[in-house]
Amino acid sequence: MSRAGIEAGMSTSPRESIAIIDFGSQYSQLIARRIRENHVFCEIFAPSVRADQLRERGVRGVILTGGPMSTYDGAAPQADPAIFSLGVPILGICYGMQLTCQALGGSVGAAESREYGRVRLHVARAESILAHLPTETSVWMSHGDCVTRISDDFIPLARTENCPVAAVRHRDRPLFGVQFHPEVTHTPLGSQLLRNFAYEICGCRGDWSTGNIIADAVERVRRQVGPDARVICGLSGGVDSSVTAALLQRAIGDRLVCIYVDNGLMRRGETDLVDATFRGHFGVHLRIANAGDRFLSALAGVTDPQQKRRIIGREFIEVFRDEARRIDGARFLAQGTIYPDVIESGHGPGGVTAAIKAHHNVGGLPAELGFELVEPLRNLFKDEVRQIGEALGLHEDMVWRHPFPGPGLAVRIMGEITPQRLELLRAADEILLEEIAARGWYRKIAQAFTVLVPVESVGVMGDGRSYEGQSLIVLRMVETSDFMTADWVRIDHELLAAASNRIINEVRGVNRVAYDVSSKPPSTIEWQ
Ligand code: XMP
């Protein structure tokens with residue numbers, strides 16, 4: 001990725017914002033989403049971020065997250081001490097509260113009794129961060145350490161049975177801490193607490209609205225691309241690339257050219273939908289590369305899943321490059337990178353965004369293609385991407401689509417990929433999705449699909465036992481919030497029955513249907 005691309009994706013917006021310093025909490029992204037749900041922009045940083053970097057960005061407040069270490073452990077991540085003198089309000093959560101109290105003269109140690117799960121909070125002073133809270137409420141705890149002593153500069157605000165200092169504030173400075181987790185839904189009044197912090201304490205007014213997000217992104221794209229250059233956008237039909245294209249169209253109109261590579265491994269109707277949406281509805285310059293034959297010949301005889309992925313990746317780049325070469329004056333490439341991708345790969349502002357985890361959905365076209373990247377969704381969470389997609393006029397079927405892997409149906413056909421197997425899988429897949437939609441399950445499922453397992457199991461067809469050419473179709477439906485862990489959906493049995501009957505009756509070559517009841521880990525979502 002070019003440096004310019006990174007800078008352009010950075011928030012240089014004058015809008016009010018809150019910095020979240022991530023000490024390794026599993027909830028850091030959740031904190032950010034809660035703040036943004038309250039219409040305040042925020043960004044996640046690694047502990048190495050310095051106070052002067054935050055000052056430069058004009059942050060209105062700082063949140064220090066929880067973390068798995070003990071603050072008194074020598075190797076534990078620390079915040080730049082100058083952050084406590086920045087003058088902007090600071091809210092420490094769990095580890096973040098312990099760090100704050102420790103940095104200002106208090107002590108932290110192992111709790112006499114650890115607390116995990118729902119706990120009663122007794123509020124002694126319903127003020128500042130705890131304003132509008134009742135004297136008793138339930139909160140979510142997850143800690144083995146606690147603040148064992150606070151300096152005289154701090155005032156305790158609340159306690160639980162096993163945690164005498166469950167919330168604090170500094171007497172004179174805008175420093176606050178809570179031992180519990182306001183960001184999780186198991187703390188019912190947590191959102192009120194975060195709102196108190198953002199609005200009443202940091203003085204935010206809430207300017208992070210759909211309209212402003214679009215206006216900011218459009219402005220930034222125009223600034224980056226200038227008045228003449230053209231931008232290429234690789235459309236996959238997924239939510240992120242579709243919203244990117246719709247946004248680019250808003251920003252630069254017909255200087256956008258979209259390329260859609262039909263690799264022959266798509267679901268039924270996929271290419272037509274992209275065509276109808278973008279060429280038909282938005283009037284976008286869309287080039288469809290019909291490269292199915294090329295991909296299928298390259299995949300002939302290949303059964304190893306990683307080899308399939310490599311071939312598909314290589315062919316994609318070549319087909320894309322050939323198409324892109326035919327577009328005059330294109331210097332930029334638009335990509336649908338979204339904020340979790342940025343955080344997970346640690347490529348954030350000034351390299352100090354927290355790196356949470358690497359994920360194979362991150363990636364895209366190689367830098368050697370020589371384009372400067374335009375990434376207008378770089379600061380956005382998926383729910384924000386969907387909101388702006390709807391506001392830009394994308395149909396809700398497009399905006400709420402389940403993710404679909406780059407290698408498409410190739411990783412859902414065990415063994416060799418042939419045109420017959422692809423057709424069979426497309427037919428089964430279409431039936432499953434129809435049944436899901438008809439019964440109102442689509443939005444309750446994160447991802448649903450069918451897998452073709454071409455092993456011959458016995459069946460009774462007509463009067464005899466039949467083995468020949470009969471395959472197993474597996475239904476996979478999962479729920480997950482981040483695709484890192486997932487569980488199988490406790491789906492309505494009637495839906496299973498209807499999908500199974502229809503697949504066996506309507507799809508030639510299938511005599512058995514099974515439902516996959518494995519969670520991730522240890523299984524993955526895809527079968528290959
Ligand atoms: P797994 O199977 O690893 O999938 O649990 C997690 C998410 O990633 C998608 N996936 C892929 N996406 N290229 C992609 O672009 C791939 O090779 C690939 N493999 C899995 C999968 O559909 C799920 O959403």
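Predicted model: local features only at pLDDT ≥ 70, side-chain atom pairs only at ≥ 80, totals over all residues.
**Exercises on rings, charges and a helix**

Arg 412 lies over the face of Phe 449, 3.8 Å from the ring centre.

**Exercise 1.** Find which ring the charged end of Lys 444 sits over.

**Exercise 2.** Classify the ring pairs Phe 41 with Trp 208 and Phe 278 with Phe 282.

*Solution.* A pair of aromatic rings is described by the distance of the centres and the angle of the planes. The count of aromatic pairs here comes to six. For Phe 41 and Trp 208, the centres are 4.6 Å apart and the planes stand at 50°, so this pair is tilted.

Now turn to Phe 278 and Phe 282: with centres 5.8 Å apart and planes at 25°, the pair is stacked, because stacking takes planes under 30 degrees apart. Phe 278 counts as buried at 0% relative accessibility, and Phe 282 also counts as buried, at 15%.

**Exercise 3.** Describe helix H5 (residues 190–201) and its surroundings.

*Solution.* First, the span: twelve residues reach 15 Å from first to last C-alpha, close to the expected 16 Å. Second, burial: the buried residues include Leu 193, Leu 194 and Phe 197. Third, the cover over the buried residues of H5 includes strand S1, helix H2 and strand S9. Finally, Gly 203 follows H5 with a positive phi, near 80°.

Note on methods
Residues numbered from 1 in each chain as written. Heavy atoms only, no water. Helix = DSSP H or I, 4+ residues; strand = E, 2+ residues; numbered from the N terminus. Expected span 1.5 Å × (residues − 1). Buried < 20%, exposed > 50% of the residue type's maximum accessible area, 1.4 Å probe, protein only. Contact = heavy atoms within 4.5 Å. Phe/Tyr/Trp six-rings, centres within 6.5 Å; stacked < 30°, edge-to-face > 60°. Lys NZ or Arg CZ within 6 Å of the ring centre and 35° of its normal.
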